[in-house]
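Subject: A structure for you to explore

Hi there,

Here is the structure I promised to pass on. Please open it alongside this email and follow along as you read.

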Amino acid sequence: MYDCLKVLQAFRFELDPNRAQRVALAKHVGVARFAYNWGLQRCLEALTQGQPLPTAVQLHKEWNRWKRQHALWWQEVSKCAPQEALRDLEKAFRNWREGRAGRPRFKRKKSLEDNKARLTGSIRVFPRQVQLPRLGKVRTKERTDRLLTLLTAQKARILSATIAREADRWFVSLTCVVERPDPPPRQGKPVGVDLGLQAFLVLSDGTRVDAPQPLRRALRLLRRRSQQLSRKRKGSRNAARAALRLARLHRRVRNIRRDFLHKTTTWLAKTKPVIVVEDLGVRGMMRNGHLSRSVAERAGAFSGGCWRTRAAGRGPG
């Protein structure tokens with residue numbers, strides 16, 4: 001018999017919103033980005049004047065006073081979107097101060113990573129539906145039975161929901177505290193993982209894992225669509241269509257990389273008792289103009305958090 005433990009686990013579903021819900025989702029993402037940039041501007045002003053950085057609570061109080069005079073649209077979205085964005089800003093500055101990351105930058109509407117918003121409060125899950133604050137029930141393109149079963153058995157509790165836009169698709173990631181049995185210790189020898197340019201990784205037992213290299217296969221089409229976008233008149237409807245086609249291609253490349261990374265790290269975490277990873281500066285290698293593309297294709301996933309999270313844990317996240 002093994003004891004149960006509580007872990008953080010995210011359940012990600014693709015949404016199938018109607019037209020009104022798409023507008024509401026875009027408003028929440030936009031408000032979160034606006035509030036983050038608004039708070040960042042005030043933090044930079046405090047640094048310039050030699051004052052201490054304001055906390056998330058202080059920024060939120062100032063935001064509540066400012067929005068009633070300058071942002072009358074604040075009533076159209078949940079209060080959680082700007083509040084959580086300011087908390088993320090405080091965490092970003094803490095990571096910068098402690099040397100774990102660079103100085104926070106302003107978010108951009110065209111950036112894939114900046115089109116997100118986190119919501120808290122009344123979040124519920126139904127069969128093929130997710131209920132979000134101020135958004136109501138939104139249909140999902142995937143079944144929610146797995147999470148719904150855990151919630152019904154009181155083996156999971158939802159903490160927050162993060163909505164994200166990737167090109168023309170919307171996703172929701174539900175962060176939950178899940179109760180699961182403590183996995184038994186795995187048998188076998190420890191394995192070392194070596195990162196290479198010819199292969200994605202080589203294990204100490206001789207196993208070689210090759211990366212799919214989706215960018216190399218899509219590079220010709222990527223250049224063509226980029227040229228098509230550059231020839232369109234800015235702000236026109238044709239430019240919007242060309243930008244969407246280009247974004248879809250980038251999303252496909254990213255999804256192939258993400259799928260390969262999750263499958264590889266899950267396989268390692270499930271089969272190896274101890275995993276030793278070399279401390280390699282992948283982000284520094286990405287700055288090398290001769291190696292950047294090769295590193296991004298074969299080893300770029302090592303710079304993300306998914307690899308280290310799964311490799312350091314006792315099981316797949």
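How many helices and strands does the secondary structure of the protein chain come to? The protein chain has 9 helices and 11 strands. Helices here are DSSP runs of H or I with at least four residues, strands are runs of E with at least two, and both are numbered from the N terminus.

Before we go further, a word on the ground rules. This is a predicted model, in which local features need pLDDT of at least 70 and side-chain atom pairs count only at pLDDT 80 or more, while totals for chains, interfaces and linings use all residues. Residues are numbered from 1 along each chain as its sequence is written, and side-chain values use heavy atoms, with hydrogens and water left out.

**The whole chain**

Of the 317 residues in the protein chain, 38% count as buried. Buried means under 20% relative accessible area, exposed means over 50%, and partly exposed is in between (1.4 Å probe, protein chains only). The accessible surface comes to about 19,200 Å², and 49% of that belongs to carbon and sulfur atoms; these areas come from the Shrake-Rupley method with a 1.4 Å probe. Among the contacts (heavy atoms within 4.5 Å) with a separation of 6 or more, 69% are accounted for by residues 24 or more positions apart.

**Helices α2 and α3**

Now find helix α2 (residues 56–70) and helix α3 (residues 80–97). Their axes come within 9 Å and cross at roughly 145°. The axes are lines fitted to C-alpha atoms over the stretch in contact, and angles run from 0 to 180 degrees between N-to-C directions. Which residues meet there? From α2 they are A56, L59, H60 and W63, and from α3 they are P82, Q83, L86, R87, L89 and E90. By class, this contact has 6 nonpolar, 2 polar and 2 charged residues. Ala, Val, Leu, Ile, Met, Phe, Trp, Tyr, Cys and Pro count as nonpolar, Asp, Glu, Lys and Arg as charged, and the others, Gly among them, as polar.

The buried residues of α3 include C80, A85, A92 and F93, and its buried residues pack against α1 (19–48), α2 and β2 (116–119). Just after α3, G99 takes a positive phi of about 80°.

**A residue in α1**

Q154 lies in the loop between α4 (145–152) and β6 (156–166). Q154 has a positive phi of about 60° although it is not a glycine, and with a relative accessible area of 70% it is exposed. A167, in the loop between β6 and β7 (169–181), also has a positive phi, near 60°. A167 is partly exposed, at 22%.

Finally, Q228 lies in helix α5 (residues 214–230) and is partly exposed at 28% relative accessibility.

Enjoy exploring!
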